[in-house]
Amino acid sequence: MPRPFTLFTGQWAELHGTVQVRTRATGGESWSEWQDVETHNAEHAADLGSTERASGAVRGATAPLWVGDSDGVEVRVRPEAADPQHRAAAVPLPEGLRLELVDPGEDPAAEEATGTAPDTAPETAPEPAPEPARAAPAGRSATPATFAVNPAPPTTTTAVPEALTAESAAASAVNADLAPLGASVIPELTKAETEEEAAIVAAGAKPYIGPRPKIITRKGWGADEKLRERNFAYTKSVKAAFVHHSATGNNYTCKQAPSVLRSIYRYHVKSSGWRDFGYNFAVDKCGNIYEGRAGGVAKAVLGAHTLGFNTNTMGVAVLGTYSSTNPPAAAVTAVSKLTAWKLGLFGANPKGKVTLTSGGSNKYKAGVKVKMNVISGHRDGFATECPGARLYKKLGTARTSSAKLQGR
């Protein structure tokens, strides 16, 4: 039996097929229903040719699925048909299938809490299911594979200690103009205060920038700064924002959001081989905004969120899965507030268009110039369902609200 964990992901070189998982709550005997898990072979990644992508540590994986406190997991993998006309001829399953069970560690101290947003997340208990038959781990079989695991104990990502380490001090220092060293929260400002702080008010010019929203720092959500690569990476500007959903499921409470973030962070760095958390920012279902990749929330930090379009853009992940579930209004509002401020710092109009040069994806070849909305969805740059059909439909609302907050 594995030690308790809260987040699941499967790993392989590359998988073309479907993955389902069910888990057993810690201390219980009942199994949850089977849940579909997205497969992420390349779409959430650093750009081709980048140092981060060429590290040799990058692997394909499922989306990280938040499952709550669990101590048992079963997975079944079905390969896709090599020929739709002959379903029996399936693509072989990849070698090296591996499960990653993540324990996010303890929450930051109470005084570093994530804010006062209402906690509206539903509590969902797993439904009883019969004890499943056990099968051996999948190899290269062309038949559906179901396997139970008794893996090695999960690696624990611990919260940042109260005393700042050199790594946590460095991650905080890049926000020193916005909040004191070691701050758990960057406070919100009025529009006038934001304009003054950003020093963008020129004689005779009307500034277009939204008020800075409250942002929970990496220290605030308990990021272990020793996990990430030491140096920060930047681009020249922030011309556009790509909106994502984390595809981690919706069965988390907003008090658990920092734990979800720590789990995704560990998955991005240790499981996927990236230099840091992939997204520049994250938003939970209650509308709390979190600092993502380290380097400074007001700076043009290079992320790893939209393959081919990470340069001169920012990635915002809404925690949850929004393919068939509507995103909470608070989350959409938070995206509007965040983009109004951050895009405003770089003179971008949330309702406008921008031409970006692809670095290479499954939708646009490297070097192709693409005209996109300044606030786009992941699927606009890569052939994927992300950010989920329901969230994607809300991007028009986000653009309008964001532009209005900028004073346009």
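This is a predicted model: local features need pLDDT of at least 70, side-chain atom pairs count only at pLDDT 80 or more; totals for chains, interfaces and linings use all residues.
Tutor: Local features here need pLDDT of at least 70 and side-chain atom pairs pLDDT 80 or more, while totals for chains, interfaces and linings use all residues. Residues are numbered from 1 along each chain as its sequence is written, and side-chain values use heavy atoms, without hydrogens and water.

Student: Which residues of helix H1 are buried?

Tutor: Helices are DSSP runs of H or I with at least four residues and strands are runs of E with at least two, numbered from the N terminus. Buried means under 20% relative accessible area, with a 1.4 Å probe and protein chains only. In H1, residues 166-173, the buried ones are Ser-168, Ala-171 and Ser-172.

Student: What do the buried residues of H1 pack against?

Tutor: Contact means heavy atoms within 4.5 Å. By that criterion, their partner is strand E15 (289-291).

Student: Which helix gives the most to the lining of the largest cavity?

Tutor: On a 1 Å grid over the protein atoms alone, a cavity is a set of points where a 1.4 Å probe fits but cannot get out, and lining residues have an atom within 4 Å of a point. Of the 12 lining residues, Ala-171, Ser-172, Arg-218, Lys-219 and Glu-225 lie nearest the centre. H1 and helix H3 (218-221) each supply at least two, and the one giving the most, with 3 residues, is H1.

Student: How many charged residues line the second largest cavity?

Tutor: Asp, Glu, Lys and Arg count as charged; Ala, Val, Leu, Ile, Met, Phe, Trp, Tyr, Cys and Pro as nonpolar; and the others, Gly among them, as polar. The lining includes Arg-228, Glu-229, Arg-275 and Asp-276. It divides into 4 nonpolar and 1 polar, and the charged ones number 5.

Student: What is the handedness of the disulfide of Cys-254 and Cys-286?

Tutor: A disulfide is a pair of cysteine sulfur atoms within 2.5 Å, and here the S to S distance is 2.3 Å. The torsion about the S-S bond is about 95°, so the disulfide is right-handed.

Student: Where in the chain do its two cysteines sit?

Tutor: Both Cys-254 and Cys-286 are buried. They are 32 residues apart and link distant parts of the chain. Cys-254 is in the loop between strand E13 (240-245) and helix H4 (257-271), and Cys-286 is in the loop between strand E14 (281-283) and E15.

Notes. Buried means under 20% relative accessible area, exposed over 50%, partly exposed in between (1.4 Å probe, protein chains only). On a 1 Å grid over the protein atoms alone, a cavity is a set of points where a 1.4 Å probe fits but cannot get out, and a pocket is an open set with protein on both sides within 12 Å along at least five of seven lines; lining residues have an atom within 4 Å of a point.
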